[in-house]
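I opened my notebook to look up a few things in this structure. Follow along with the model beside you.

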Amino acid sequence: MNTANNRRRQETVRTIEKAFIGLIQDKELDQICISQLCREAGINRTTFYACYDGLHDIADSIRSKLEDNMKELYRDEIKNGYNSNDFLKLFRHIKDNQILYRTYFKLGYDNQYRIFVYDTNLAARHFGNKFIKYHMEFFRAGLTRIIKMWLEDGCKESPEDMMEIIRSEYNGRVV
């Protein structure tokens, strides 16, 4: 029986995703064809279509898995509505999953995520709750660019160094 949770199907999905991630590192999404992906994964088209509707479906699946992993890092903050300002665990996760984050950014998803928890108490103290949406966007865009630069450079700096960069840029006013 071919169910979504059987072991063989899960292994096939991992094989397809691994092949897709490998191809997307050197090509744009519109330059990859399903037959090429199938060859790379060592599967036939029927097997591919049993798992996915198309290339965008794979991209969305990878995106969802990465975002779910990131949400899990901050589960307590999301659940309880507070901000720990602990970006160290994010930088460690990025360093451990560089290829997935590179893929995420390559697919253009970086402009679609949102800050999960925004500390309005901290914003009130530092900004008087003025222009919060601009502060949030400035922080999100800056953090995203720093992460991209770090990935492009092969994550040479430690996660601790990256956390220090964030702290020094915001002089303790991490939001």
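Entry 1: terms and ground rules. I call a residue buried if its relative accessible area is under 20%, exposed if over 50%, and partly exposed in between (1.4 Å probe, protein chains only). The model is predicted, so I noted that local features need pLDDT of at least 70 and side-chain atom pairs count only at pLDDT 80 or more, while totals for chains, interfaces and linings use all residues. Residues are numbered from 1 along each chain as its sequence is written, and side-chain values use heavy atoms, with hydrogens and water left out.

Entry 2: salt bridges. Side chains of opposite charge can pair when their charged atoms come close. My rule for a salt bridge is a side-chain nitrogen of Lys or Arg within 4 Å of a carboxyl oxygen of Asp or Glu. How many salt bridges does a search of the whole structure find? I got 11.

I began with Lys65, which is partly exposed at 38% relative accessible area. Lys65 forms a salt bridge with Glu17, and their closest N and O atoms are 2.8 Å apart. Lys65 lies in helix H4 and Glu17 in helix H1, so this pair ties together parts that are 48 residues apart in sequence. For the helix names, I used DSSP runs numbered from the N terminus: helices are H or I with at least four residues, and strands are E with at least two. Is Glu17 buried or exposed? Glu17 counts as buried, at 9% relative accessibility.

Next I looked within H1, which covers residues 7–24. Glu11 and Arg14 both lie there, 3 residues apart, or about one turn of the helix. Their side chains meet in a salt bridge of 3.0 Å, N to O. Glu11 is partly exposed at 42%, and Arg14 is partly exposed at 46%.

Then I found a network of salt bridges that links Glu72, Arg75 and Asp76. Between Arg75 and Glu72 the closest N and O atoms are 2.1 Å apart. Arg75 is partly exposed at 45%, and Glu72 is partly exposed at 43%.

Entry 3: aromatic rings. I paired rings of Phe, Tyr and Trp (its six-membered ring) if their centres lie within 6.5 Å; planes under 30 degrees apart count as stacked, over 60 as edge-to-face and the rest as tilted. This rule gives 7 aromatic pairs. One of them is Phe48 with Tyr49, edge-to-face, at 5.0 Å centre to centre and 85 degrees between the planes. Phe48 is buried at 0%, whereas Tyr49 is partly exposed at 39%. Ring pairs also link Phe48, Tyr49 and Tyr52 into a cluster.

Entry 4: helix packing. I checked how H4 and H7 pack: the angle is about 120 degrees and the axes are 10 Å apart. The axes are lines fitted to C-alpha atoms, for helices over the stretch in contact, and angles run from 0 to 180 degrees between N-to-C directions. H4 and H7 are therefore oblique to each other (under 35 degrees is roughly parallel, over 145 roughly antiparallel, 65 to 115 roughly perpendicular, and the rest oblique). Which residues meet here? Ile62, Arg63, Leu66, Glu67 and Met70 in H4 meet Leu100, Tyr101, Thr103 and Tyr104 in H7, where contact means heavy atoms within 4.5 Å.

Entry 5: helix H6. In H6 (residues 88–96), I found Leu88, Leu90, Phe91, His93 and Ile94 buried. Their cover includes H4 (55–73), H7 (98–106), H9 (132–152) and H10 (159–170).
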